Amino acid sequence: MTQATADTGFRYDDLGRLIALMTGAEKHGPAAHSTLDVLWVLYDRVLRVEPGGTEEPGRDRFLLSKGHGPMAYYAVLAAKGFFPQDWLRGFGSYDSPLGHHPDRTLIPGVEIGSGSLGHGLPLAVGSALGLRAQGLDEPAVWVLIGDAELDEGSNHEAIAYAGAAGLERLHTVVIDNDSATHGWRGGIASRFEAAGWSAVTVDGRDHAALHAAFTTPHPGRPHAVVARVEKKQ
């Protein structure tokens, strides 16, 4: 298993062209673009998963909880060779595997079906617990959520449990574009820290800062990265 996905020749600058191949009545373009930099840095430099190894027990798991507006996710998966680039042209059509919400039974590399807010982090906690129970200490579990998902009580139960259980292989990335109804004094990171997590807040468009945050050691604790992204009107 390599440190990150294999080099297919695509670069970050190619993602805009890949996203442009997906046309139709997609209503969540800003939601997709807010995740683009995080997704690229994860798949290009951090995640240990390859197109031919999506069923390998030792792979890292990536769960997209922010499943509405998955165009950036699809573009990155195509760029990294998980499925053919031509699939992008059929996005959202009746017979396309690329729906408006990702489907784990149809798309190679997708770990969960998602879109309904509030489910991804609890599922990631369960994944980390399952790996621990199997004695698999190497795979990391990553979940990407939106800040508005923190309006859902299920996430706060997951945050509290993961901190108490010391799920060191669990990592949460929160895309913070000021969409949440509620907030926390001290910022979103403080909510995770209060539950025993390691947490850091960075510029969600700065690739070097994202990589440094993703690879920060956090022995004995789950890790949260709050990626601040300006909300475009």
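Select strand β3, residues 170–176, and you will find both of its faces covered, with Leu170, Thr172, Val174 and Asp176 buried on one side and His171, Val173 and Ile175 buried on the other. Buried means under 20% relative accessible area and exposed over 50%, with partly exposed in between (1.4 Å probe, protein chains only). In a regular strand the side chains alternate between the two faces of the sheet. Strands (E, at least two residues) and helices (H or I, at least four) are DSSP runs, numbered from the N terminus. This is a predicted model, in which local features need pLDDT of at least 70 and side-chain atom pairs count only at pLDDT 80 or more, while totals for chains, interfaces and linings use all residues. Residues are numbered from 1 along each chain as its sequence is written, and side-chain values use heavy atoms, leaving out hydrogens and water.

Now move to α4, residues 71–79, where nine of the nine residues are buried, Tyr73 and Leu77 among them. After α4 comes Gly81, whose phi is positive, near 85 degrees.

Finally, select Arg89, in the loop between α4 and α5 (120–133), which counts as exposed because its relative accessibility is 56%.
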